[in-house]
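Subject: Structure for your attention

Dear colleague,

Please find below the structure that I am handing over to you. I would be grateful if you could read the notes after it with the model open beside you.

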There are 2 protein chains.
Amino acid sequence: MTTDTAALTRTPAAPAEIEAALAAIRFNADGLVAAIAQQHDSGEVLMMAWMNREAVAETLTTGRVCYFSRSRNKLWRKGETSGQQQHLVDLRIDCDGDTLLVLVDQLGVACHTGRRNCFFHALRDGALASIAEPEVSQEDLYGR
Amino acid sequence: MTTDTAALTRTPAAPAEIEAALAAIRFNADGLVAAIAQQHDSGEVLMMAWMNREAVAETLTTGRVCYFSRSRNKLWRKGETSGQQQHLVDLRIDCDGDTLLVLVDQLGVACHTGRRNCFFHALRDGALASIAEPEVSQEDLYGR
């Protein structure tokens, strides 16, 4: 995995940079854009979630990744409850502007199940199987 | 990048395996699921597109990745026109079933611009910049 370490996004981004990023993103009819989070050094794909304009701007301003929760209908500051924050390393926008690749440094685990990443279901031996185990308990993540 | 090479998806998948995968996927109101394509060995995130039930089933059956094109409203057999096919290595389903991580072996380039991957816009020196150049011309890709 080669990483363009010489030119990582500086944070806080300047207002003009944030405007340039927002202008290049094609938000969907709900005002959202898909955001893939990838661990910047290992290349592990951690999760996929959604951002609105405010979440993109906050992520670039604070350097901590913020999504928009469709189920809770509000900003979702990743790790705010669990402590498993994502620190922004770089934000990439795809060719047609409707998907983001967010290179991050993930503290702890990305998945709410306590697994490092969310993509742990796969076909094995003719059936759907879990191919990763939780590294952190629900109690440790959410105090319940 | 560690890859679970011992247990890659066999293709063609059996009908029962395809049914198990389809049952675990939560297709959205449009009958689609987001699919992230990642080069299986390097970890490079290549692109994000969408699949419907038929595209998932065809991908697992043929071992060649098939999406659903929202703009053309039909199955999109990746590389059918350009020759830049994606061969399926493994299909992962995320914790809540609404995103797929498709590990592939990409022939040539994934992006319609001729770049290896679609995520080539980033903030550099205060402005949005292209951080990768096309490796293949439009003429070589599409004969135009």
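The notes that follow take the helices first, then the annotated residues, and finally some individual loop residues. Please bear in mind throughout that this is a predicted model.

**Helix 1 in chain A**

Which residues of helix 1 of chain A are buried? They are Glu17(A), Ile18(A), Ala21(A) and Leu22(A). Viewed along the axis of helix 1 of chain A, these buried residues lie within an arc of 135°, so they line one face of the helix.

The buried residues of helix 1 of chain A are covered by parts of both chains. Among the covering elements are helix 2 and strand 5 (86–93) of chain A, together with strand 7 (121–124) and strand 8 (127–130) of chain B.

Helix 1 of chain A contributes Ile18(A), Glu19(A), Ala21(A) and Leu22(A) to the meeting, while helix 2 of chain A contributes Arg53(A), Val56(A), Ala57(A), Leu60(A) and Thr61(A). The residues of this contact comprise six nonpolar, one polar and two charged.

**Helix 1 in chain B**

In helix 1 (residues 15–24) of chain B, the buried residues are Glu17(B), Ile18(B), Ala21(B) and Leu22(B). They cover an arc of only 135° around the axis, which puts them on the same side of helix 1 of chain B. Pro15(B), Ala16(B) and Ala23(B) are exposed on the face turned away from that buried side. The buried residues of helix 1 of chain B pack against strand 7 (121–124) and strand 8 (127–130) of chain A, as well as helix 2 (53–62) and strand 5 (86–93) of chain B.

**Annotations from UniProt**

An unreviewed UniProt entry annotates residues 47–120 of chain A as "domain: Phosphoribosyl-AMP cyclohydrolase". Over residues 47–120 of chain A, the chain is 14% helix and 39% strand, and the end C-alpha atoms are 11 Å apart.

The UniProt annotation "binding site", also from an unreviewed entry, covers Cys95(A), Cys111(A) and Cys118(A). They span 24 residues in sequence, and the farthest two C-alpha atoms are 27.6 Å apart, so they do not all gather at one spot.

Where is Cys95(A) found? Its place is the loop between strand 5 and strand 6 (99–106) of chain A, and at 22% relative accessibility Cys95(A) counts as partly exposed. Leaving aside neighbours within four places in sequence, Cys95(A) is in contact with residues of chain B, including Cys111(B) and Cys118(B).

Cys111(A) lies in the loop between strand 6 and strand 7 of chain A. At 2% relative accessibility, Cys111(A) counts as buried. With neighbours within four places in sequence again left aside, the contacts of Cys111(A) include Cys118(A), Leu141(A) and Cys95(B).

**Individual loop residues**

Asn73(A) has a positive phi of about 55° although it is not a glycine. Asn73(A) is in the loop between strand 3 (66–69) and strand 4 (74–77) of chain A and is exposed, with a relative accessible area of 57%. Asp125(A), likewise a residue other than glycine, has a positive phi near 50°. Asp125(A) is in the loop between strand 7 and strand 8 of chain A, and its relative accessible area of 81% makes it exposed.

Is Asn117(B) buried or exposed? At 18% relative accessibility, Asn117(B) counts as buried. Asn117(B) is situated in the loop between strand 6 (99–106) and strand 7 of chain B. The C-alpha atoms of Asn117(B) and Leu46(B) are separated by 4.3 Å, although these residues are 71 residues apart along the chain. Apart from neighbours within four places in sequence, Asn117(B) is in contact with Glu44(B), Val45(B), Leu46(B) and Cys111(B).

Yours sincerely,

A colleague

Technical notes: Residues are numbered from 1 along each chain as its sequence is written. Chains are lettered from A and ligands numbered from 1 in the order in which they are written. This is a predicted model: local features need pLDDT of at least 70, side-chain atom pairs count only at pLDDT 80 or more; totals for chains, interfaces and linings use all residues. Side-chain values use heavy atoms; hydrogens and water are left out. Buried means under 20% relative accessible area, exposed over 50%, partly exposed in between (1.4 Å probe, protein chains only). Helices (H or I, at least four residues) and strands (E, at least two) are DSSP runs, numbered from the N terminus. The arc is that of the directions from the helix axis to the C-beta atoms. Contact means heavy atoms within 4.5 Å. Ala, Val, Leu, Ile, Met, Phe, Trp, Tyr, Cys and Pro count as nonpolar, Asp, Glu, Lys and Arg as charged, and the others, Gly among them, as polar. UniProt positions are given in the numbering used here, feature names are shortened, and annotations may be inferred rather than shown by experiment.
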